[in-house]
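Me: Hi! I'm new to this one and would like a friendly walk through it. Could you take a look with me?

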Amino acid sequence: MGFHVDRSRMDEILGELSKEYKIYGPRLDAQKKRVRFGKITSVDQIVTDRQSDYSAKEVYYPILQVMFYFRDGGVEKPGLDDDKEILIFARACDINAIKRTDSIFLKNGGTEDLFYKRLREKVHFILMECAESFENCFCASLGSNVAQDYSMAVRLGKDSLLVSVKDDKFADLFKSEEKEEFEVRFISENKKKLRIPDISRANLKEVSDLDFWKQFDDKCIACGGCNTVCGTCSCFDTIDVIYEEGSSEGERRRTWSGCMLEEFTRTAGGGRARKTQGANMRFKVFHKFYDYGQRFGEGHMCVGCGRCDIRCPKDISFFDTVCELHDIIEEKNN
């Protein structure tokens with residue numbers, strides 16, 4: 001079911017939706033420098049002419065979460081801020097990215113993560129049509145250029161929108177609008193085409209031992225920026241915060257972390273499971289293009305948004321890294 005909707009009218013519809021939903025979309029931050037997912041009240045706030053610098057994951061997987069409070073010898077679990085559902089304007093790659101975090105938090109080891117699940121259950125998507133590729137995207141190589149898991153889809157025009165309503169519960173909002181056929185267009189190819197390395201159990205040790213990984217020992221500064229902007233990175237640390245010195249009251253938090261941070265694998269005794277940035281890069285590539293698929297049988301973890309390449313202050317290209325690894329493995333096989 002498709003509709004032609006004026007922008008001013010769409011803002012009125014968003015106002016109606018805001019009574020039951022918190023609505024997010026890619027918008028400029030307070031400094032008007034970065035595009036990240038924040039609350040919106042108007043379609044004019046949605047940035048369409050550039051890719052968002054951050055993914056949508058911080059909406060349903062917050063940077064910091066309080067897991068529980070400890071006080072008076074007991075434990076108290078925090079509730080959610082409110083009962084509202086969540087609507088996110090997002091492109092296909094970000095909608096597909098949430099499927100990867102779903103697997104990590106809800107299917108990993110047979111145990112569902114409560115803190116992720118209670119927010120994830122509230123999330124609904126409004127697909128933003130993405131008919132032309134941005135410079136650093138390679139989503140088509142990974143099949144994440146197309147998404148079907150959405151409630152509505154929009155094509156944002158200068159003065160109006162085309163809206164496709166897939167979920168019947170939103171249909172009444174558009175019953176007085178002009179009907180117009182609208183079939184969502186998806187990117188068919190990107191400017192970049194990823195060469196995916198054939199990593200298997202048979203060659204895993206050989207690929208792990210390549211000198212190829214040593215180049216990152218000096219190149220990478222372990223800032224973790226690539227993990228931060230990635231829609232599928234999900235690692236976290238847990239820390240206890242004591243409110244006052246000598247007090248027994250405080251809270252346990254979990255905060256985002258990342259495999260590219262130098263301290264990520266450091267244990268209480270001071271040892272590190274991975275001692276170099278080359279080892280960390282190897283872990284990340286294997287996780288995105290081997291381990292995830294082996295564990296969940298769902299293809300590759302990376303969705304090809306290319307944000308990590310844009311974010312890296314040392315101009316390390318994850319895209320180029322994966323392609324180079326493919327070429328090395330191919331050469332060894334021939």
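Me: Let's start with lysine 32: where is its place?
Reply: Lysine 32 sits in the loop between β2 (21-28) and β3. Helices (H or I, at least four residues) and strands (E, at least two) are DSSP runs, numbered from the N terminus. A quick note before we go on: this is a predicted model, where local features need pLDDT of at least 70 and side-chain atom pairs count only at pLDDT 80 or more, while totals for chains, interfaces and linings use all residues. Residues are numbered from 1 along each chain as its sequence is written, and side-chain values use heavy atoms, with hydrogens and water left out.

Me: Thanks! And what is phi of lysine 32 near?
Reply: Phi of lysine 32 is near 55°, a positive value in a residue other than glycine. Most residues other than glycine have a negative phi.

Me: Is lysine 32 buried or exposed?
Reply: Lysine 32 counts as exposed because its relative accessibility is 63%. Buried means under 20% relative accessible area, exposed over 50%, and partly exposed in between (1.4 Å probe, protein chains only).

Me: New topic. How many salt bridges does the structure hold?
Reply: There are 24 salt bridges. A salt bridge here is a side-chain nitrogen of Lys or Arg within 4 Å of a carboxyl oxygen of Asp or Glu.

Me: Nice. What forms a salt bridge with glutamate 58?
Reply: Arginine 36 does, and the closest N and O atoms are 3.0 Å apart. This pair links distant parts of the chain: glutamate 58 belongs to helix α2 (residues 57-60) and arginine 36 to strand β3 (residues 35-39), 22 residues apart.

Me: Why does glutamate 58 count as buried?
Reply: Glutamate 58 counts as buried because its relative accessibility is 18%. Arginine 36, at 26%, counts as partly exposed.

Me: What about lysine 205, which residue does it form a salt bridge with?
Reply: Lysine 205 forms one with aspartate 209, with the closest N and O atoms 2.4 Å apart. Lysine 205 is exposed at 59% relative accessible area, whereas aspartate 209 counts as partly exposed at 48%.

Me: Which residues are linked in a network of salt bridges?
Reply: Arg9, Glu12 and Glu177 are linked that way.

Me: Let's look at asparagine 96. Where is its place, then?
Reply: Asparagine 96 is in helix α3, and at 5% relative accessibility it counts as buried.

Me: Which backbone oxygen does its side chain reach at 3.0 Å?
Reply: The side chain of asparagine 96 reaches the backbone oxygen of valine 146 at that distance. A polar atom of the asparagine 96 side chain also lies 3.1 Å from the backbone oxygen of serine 144. A polar contact is a pair of N or O atoms within 3.5 Å; within protein, one must be able to donate a hydrogen and the other to accept it, and residues adjacent in sequence count only if both atoms are side-chain atoms.

Me: One last thing: where does aspartate 113 lie?
Reply: Aspartate 113 lies in the loop between α3 (92-106) and α4 (114-120). With a relative accessible area of 17%, aspartate 113 is buried, and its side chain reaches the backbone nitrogen of tyrosine 116 at 2.9 Å.
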